[in-house]
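Thanks for coming. I have one structure to go through today, and I will take it piece by piece.

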Amino acid sequence: MPVVFFQDGFKLFFFSNEGDPREPIHIHVRKDAKLAKFWLLPEVRLDDSYGFSARELTKIAKIIDNRKTEIEEAWNDHFES
């Protein structure tokens with residue numbers, strides 16, 4: 001489970017086994033027992049969420065959008081190696 005980064009108590013990561021065929025680029029977010037999944041392309045959008053408030057999801061989406069390039073690079077580095 002490669003962790004891309006931590007920010008504001010959120011852990012942003014993806015799983016090494018992201019399906020076969022692999023799902024499009026996305027990121028998982030965890031904080032305590034809360035979990036969410038966001039797609040990155042064509043724009044950042046929520047796929048699934050358990051436990052996060054609407055306010056937290058808005059904050060997470062902004063974090064992801066601001067660091068989208070970093071997430072994409074980590075995804076490509078991991079899955080292309």
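Phe-14, Trp-75 and Phe-79 are linked into a cluster by ring pairs. Keep in mind that this is a predicted model.

Phe-14 belongs to the loop between E2 and E3, while Phe-79 belongs to helix H2, so the pair ties together parts that are 65 residues apart in sequence. Are these two residues buried or exposed? Phe-14 has a relative accessibility of 1%, so it counts as buried. Phe-79 is buried too, because its relative accessible area of 14% falls under the 20% cut-off.

How many aromatic pairs does a search of the whole structure find? Five. Another one of them is Phe-10 with Phe-52, a tilted pair with 6.0 Å from centre to centre and 55° between the planes. Phe-10 is in strand E2 and Phe-52 is in the loop between E5 and H1, so here the pair ties together parts that are 42 residues apart in sequence. Both Phe-10 and Phe-52 are buried.

Two rings also have a charge over them. The charged end of Lys-31 sits over the ring of Phe-10, at 4.9 Å from the ring centre. The charged end of Arg-67 sits over the ring of Phe-5, at 3.6 Å from the centre of that ring.

Now the sheet. It is an open sheet of five strands, in the order E1-E2-E3-E4-E5, and the pairing is antiparallel. Which strands are at the edges? They are E1, residues 3-7, and E5, residues 45-50, and each of them pairs on one side only. From one strand to the next, the twist averages 20°. As background, strands of a sheet pair through backbone hydrogen bonds, in a parallel or an antiparallel way.

Let us walk across the sheet. E1 is joined to E2, residues 10-13, by four bridges, and the two run antiparallel. Within this pairing, Phe-6 has Lys-11 in E2 as its bridge partner.

Further along, E3 and E4 are paired in the antiparallel sense over six bridges. His-26 stands opposite Trp-39, which is in E4. The hairpin of E3 and E4 has two residues between the strands, and in this hairpin Asp-32 takes a positive phi near 55°.

Next come E4 and E5, antiparallel again, over five bridges. Ala-36 stands opposite Ser-49 in E5. These two strands also form a hairpin, with five residues between them. Pro-42 lies in the loop between E4 and E5. With a relative accessible area of 66%, Pro-42 is exposed.

On to the helices. Where does H1, residues 54-66, lie? It lies across E1, E2, E3, E4 and E5, and it runs at about 45° to E4. Helix H2, residues 68-80, lies across E1 and E3, at about 155° to E1.

Neighbours within four places in sequence aside, Glu-70 is in contact with Val-4 and Phe-5. Glu-70 and Glu-23 are 18 Å apart, C-alpha to C-alpha, and 47 residues apart in sequence.

Last, the core. In soluble globular proteins, nonpolar side chains tend to be buried together. In this model, the largest nonpolar core has 20 residues. Which residues have the most contacts inside it? They are Ile-27, Val-29, Phe-38, Ile-60 and Ile-64. At least two residues of this core come from each of E1, E2, E3, E4, H1 and H2. H1 gives the most, with four residues.

Take Phe-38 as an example from that list. Not counting residues up to four places away in sequence, Phe-38 touches a set of residues that includes Ile-27, Val-29, Ile-60 and Ile-64. Also among its contacts are His-26, Val-44, Arg-45, Leu-46 and Asp-47. Leu-57 and Ala-61 are in contact with Phe-38 as well.

That is the end of my part.

Note on methods:
Residues numbered from 1 in each chain as written. Predicted model: local features only at pLDDT ≥ 70, side-chain atom pairs only at ≥ 80, totals over all residues. Heavy atoms only, no water. Pairing = 2+ DSSP bridges. Axes fitted to C-alpha atoms, helices over the stretch in contact; angles between N-to-C directions. Contact = heavy atoms within 4.5 Å. Phe/Tyr/Trp six-rings, centres within 6.5 Å; stacked < 30°, edge-to-face > 60°. Buried < 20%, exposed > 50% of the residue type's maximum accessible area, 1.4 Å probe, protein only. Lys NZ or Arg CZ within 6 Å of the ring centre and 35° of its normal. Core = buried A, V, L, I, M, F, W, Y, C linked by side-chain atoms within 4.5 Å.
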